[in-house]
Amino acid sequence: VDLVESGGGLVQPGGSLRLSCAATGSGFSINGMGWYRRTPGKEREPREMVARITSGGTTEYANFVKGRFTISRDYAKNTVALQMNNLKPEDTAVYYCAADFTDNTGLWGQGTQVTVSS
């Protein structure tokens, strides 16, 4: 099983980006999926939760993205997306996709860089 991310890049403040993550492989069943990030200078700290969504569709957002980011999931395709609007320079970070499986294991994606700068 692997998590393949896409959609990062450079955007100006106030702009938008959409991150996507697909779980590939076979023989797995996913519970929750989510997005986390690690901002510059915090490489030694745990990734901070950005948004996550359960198998039942319940969503949770960090306070610093509420009203700007939206997480969505395609259960049939085992994908999760993060629509990021009104991006701010402080959103600059490496964003990681995460998945929790029904066998109580978890997996991280490789990370995708998001840079918000004029």
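Helices (H or I, at least four residues) and strands (E, at least two) are taken here as DSSP runs and are numbered from the N terminus. In these terms, Gln110 is placed in the loop between strand 10 and strand 11 (112–116). The structure is a predicted model, in which local features need pLDDT of at least 70 and side-chain atom pairs count only at pLDDT 80 or more, while totals for chains, interfaces and linings use all residues. Residues are numbered from 1 along each chain as its sequence is written, and side-chain values use heavy atoms, with hydrogens and water left out.

Gln110, at 52% relative accessibility, counts as exposed. Although Gln110 and Ser20 are 90 residues apart in sequence, their C-alpha atoms are 12 Å apart in space.

The pairing of strands was examined next, two strands being paired if DSSP finds at least two bridges between them. Strand 9 (93–101) is largely enclosed by the rest of the structure, because seven of its nine residues are buried. Strand 9 runs antiparallel to strand 4 (30–38), to which seven bridges join it, and in this pairing Ile30 stands opposite Phe101. Three bridges join strand 9 to strand 11, again in the antiparallel sense, with Ala93 opposite Val114. Strand 9 also pairs with strand 10 (106–108), in the antiparallel sense and over three bridges, and here Ala99 stands opposite Leu107.

Strand 8 (residues 79–84) likewise has several partners. Strand 3 (17–24) pairs with strand 8 in the antiparallel sense over six bridges, and Leu19 has Leu82 as its bridge partner. Strand 7 (residues 69–74) is joined to strand 8 by six bridges, the two strands running antiparallel, and Ile71 stands opposite Leu82.

Most residues other than glycine have a negative phi, and most peptide bonds are trans. In the hairpin of strand 7 and strand 8, which has four residues between the strands, Asn78 takes a positive phi near 55°. The hairpin of strand 9 and strand 10 also has four residues between its strands, and there Asn104 takes a positive phi near 70°; with a relative accessible area of 75%, Asn104 is exposed. Asn86, found in the loop between strand 8 and strand 9, has a positive phi of about 50° although it is not a glycine, and at 43% relative accessibility Asn86 counts as partly exposed.

Rings of Phe, Tyr and Trp (its six-membered ring) pair if their centres lie within 6.5 Å, and planes under 30 degrees apart count as stacked, over 60 as edge-to-face and the rest as tilted. The structure holds three aromatic pairs. In one of them, the rings of Phe28 and Phe101 have centres 5.9 Å apart and planes at 75°, so the pair is edge-to-face. Phe28 lies in the loop between strand 3 and strand 4 and Phe101 in strand 9, so this pair ties together parts that are 73 residues apart in sequence. Phe101 counts as buried, at 7% relative accessibility.

Tyr36 and Trp108 form another edge-to-face pair, at 5.1 Å centre to centre and with 80° between the planes. This pair links distant parts of the chain, with Tyr36 in strand 4 and Trp108 in strand 10, 72 residues apart. Tyr36 is buried, with a relative accessible area of 17%, whereas Trp108, at 39%, counts as partly exposed. Ring pairs link Tyr36, Tyr96 and Trp108 into a cluster. A charge is taken to sit over a ring if NZ of Lys or CZ of Arg is within 6 Å of the ring centre and within 35 degrees of the ring normal. Arg47 lies over the face of Tyr96, at 4.2 Å from the ring centre, and also over the face of Trp108, at 4.1 Å from the ring centre.

Grid points are joined across faces, edges and corners, and a volume is the space filled by probe spheres set on the points. The largest pocket has a volume of about 190 Å³. Of the 13 residues that line the largest pocket, the closest to its centre are Gly32, Tyr36, Ala98, Ala99 and Asp100. Strand 4 gives the largest share of this lining, four residues.

Key
1 Å grid on protein atoms, 1.4 Å probe; cavity = no way out; pocket = protein on both sides within 12 Å on 5 of 7 lines; lining within 4 Å. Buried < 20%, exposed > 50% of the residue type's maximum accessible area, 1.4 Å probe, protein only.
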